[in-house]
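Here are a few notes to read alongside the structure. Take them one at a time, and find each part in the viewer as you go.

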Amino acid sequence: MKPKIVVKNLTKYFGDKKVLDNISFEVYEGEIFGLLGHNGAGKTTTLRILAGIIEEYNGYIEVNGRIGYLPEERGLYRDEKVVDVLKFFGRLAGMKKDEINKSIDYWLNKLKIANYKNFKIKELSKGNQQKVQFIVSVIHNPDILILDEPFSGLDVVNVKLLKDIIFELKNMGKAIILSTHQLEKVEKLCDRVLILKKGKAVHYGKIEDICKKIAYIEYLENGKLIKKEMPYNEALKILKNRAEDIIKFEVGYSLEELFLKEIGEGDEDRC
Amino acid sequence: MKGMKIDAKKILTIGSREVLSNVKRKQFLIATIIGPLIIIGLSIVGSIMMFDIKEIKVGYIDNFGLDIPNKTIENNLGKNTTLYFIKYDSVEKGKEDILNKNIDALIVIPKDYLETGKVIIYSTTKSPNPIITDTLSKLLIKKLLEGKVDNKTYNRVINPLNIEVYSVSKKGFEKETFLSQLLPIGFAFLLYMAISSLSGILVSSIVEEKQNRIMELLLCYASAENLMFGKILGISVVGLIQIGIWVLFALPIIVIYAVKVSLSIAIFALIYFVLGYLFYSSLLCGLSSLFSHPKDASQLISPIIIIQLLPIMFMNTIMVNPNHYMAKILSYIPFTAPYAVVLRESVTQLPLSEILLSTTIMVVSIIVSFILSIKLFKIGVLLYEENLTLKRAIKIIFKK
């Protein structure tokens, strides 16, 4: 299957500071791909590069399809009507008038805010503004959807609604890149993830494979009890070579445990 | 999604949104219609009020022998104002009566007035009422010429110049009216008001979009170039609507007083309005993108707007001596050229070489300004710093 997004050796500097260090990944259609990392790990910079907002970088990027983008920094024209804002972005995306009108009605109904069509943005609740923002990212039926913290500001009911829509879009064959701090959602939603630490890719692949990569082992060495976390392959070697000394051998963490152990405290600088 | 860097459809979409959102704003209505109406109304009311004084009481100490009457209505300014003159013997008493509001002013005409021309006026205001000085001037002329000249000569001395001006060009010559002489100044002010007002709209539009965090979303759908061109195009249409409305306001005056508006000057003004606006707007687009708050943006943008005032400050020099080296220099500086050239062209016929040089400088400056601004815009629109200073902004630009 041809990937919708190919990123090879992506490196980005801000001045002297390297904010992305040689990262590579691919995203396929019908896939939800998670981009994880602490604040300042380089997630937003990666997403902005993919969305074409940052144009200067080193490396190779291939984007096969139209992109829809929900940025982390949310904002709309507060004094304008919902329908006018959506029409404007539809026109900007190159859609025809009737396509725009159909799409607006479809998405307003889908997100249960059709009654607010002629309301000004500033008259909507924060959650409903967030829904309008989501519609802006999908109004033009993009092939690739980039969602930066899509659940922030939504209540439980609307988080479920949005999750269902994301799954629906995945089933329609869209390639979805999701960046969020809510790791339990990543575990439930994402097929594969890329975990960034200070601009470097530390893990990439299926969540279950990544979580299995770390093992916890307790064994006796010269009569002394050793307790260690180590890569699964190294732990496996110990298990094979000195099976008689092994007291405990555990494989796999939850994504949250792995994240805390591997990533630790992040760099709070914004990228 | 972006495709080509320049996409006419996207530029038009962004531009049309700018037009619609700006003309619907209360600020536009105020700046375009209500504001000028208030200014015109207040200046008319102000000038009426200035001379709408029924009586003025003036104390005087006449050591020259002017034979001041008890009251007079002879003045050009306050047609309905009666001046009452009250004789005083001491300056101290006069000052006291001014403070007690018994009189409005005290005039002291020294004995040696003829040698020095000196007259002392005491008043609570920093400058005396022009009705008093005008009347006093007439009384003095009358006294000086009494019995020495006939009535005709006396009237000519009072009003020595009744000027008729004819402008001479290769096509012939034509009579200029007072209003037609004011026209170049009107053009310069119109240009200044339009460029200042549009620059303000442009800056607030960009800063507002940054403040509302829409920029990032917009940049996903349109390149920085398209966004900038769209904004500039849209706001320039807003400007043309604004100028159109102002011209409509001025139309009755032009028709009633049969003011001849030279087509070449009008074309000149339009061309230099476009050039001036493109230069200022491209520059301000880049600079204002650095700021997330209007207050921060105004620190940097105000000096640029003030530079525009230079030719207006030198307006007298330019109009009296349009070929003065200062007038020429101002015609070649992109910040001031639109005003200087329009002012100069309206009082004289500029050589083609000068017009071409000035226009070329403007066009090159616009191109350079656009290139620099697009670079700045790309960095600036994603920068969200509080209390950004110019020094910090420069540091960030070079870091990025």
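**Notes on the sheet and the interface**

1. Let us start with one pair of residues. A:Ile5 sits opposite A:Val63, which belongs to β4(A). Please keep in mind that this is a predicted model.

2. That pair leads us to two strands. Strand β1 of chain A covers residues 5-14, and β1 pairs with β4(A) in the antiparallel sense, over 5 bridges.

3. Now for the whole sheet. In chain A, 3 strands make an open sheet with the order β2-β1-β4, and their pairing is antiparallel.

4. A helix joins the picture here. Helix α1 of chain A, residues 43-50, packs on the sheet and touches β1, β2 and β4 of chain A. The direction of this helix makes about 120° with that of β1(A).

5. Next, look at where the chains meet. On one side are 17 residues of chain B, in contact with 22 residues of chain A. Which elements of chain B give two or more residues to the side that touches chain A? They are α1 (8-23) and α8 (215-221) of chain B. Of the elements on that side, α8(B) gives the most, with 5 residues.

6. Finally, the residue types. The side of chain B that touches chain A has 7 nonpolar, 3 polar and 7 charged residues.

Key: Residues are numbered from 1 along each chain as its sequence is written. Chains are lettered from A and ligands numbered from 1 in the order in which they are written. This is a predicted model: local features need pLDDT of at least 70, side-chain atom pairs count only at pLDDT 80 or more; totals for chains, interfaces and linings use all residues. Two strands pair if DSSP finds at least two bridges between them. Helices (H or I, at least four residues) and strands (E, at least two) are DSSP runs, numbered from the N terminus. Two residues are in contact if their C-beta atoms, placed from the backbone, lie within 7 Å. Axes are lines fitted to C-alpha atoms, for helices over the stretch in contact, and angles run from 0 to 180 degrees between N-to-C directions. Ala, Val, Leu, Ile, Met, Phe, Trp, Tyr, Cys and Pro count as nonpolar, Asp, Glu, Lys and Arg as charged, and the others, Gly among them, as polar.
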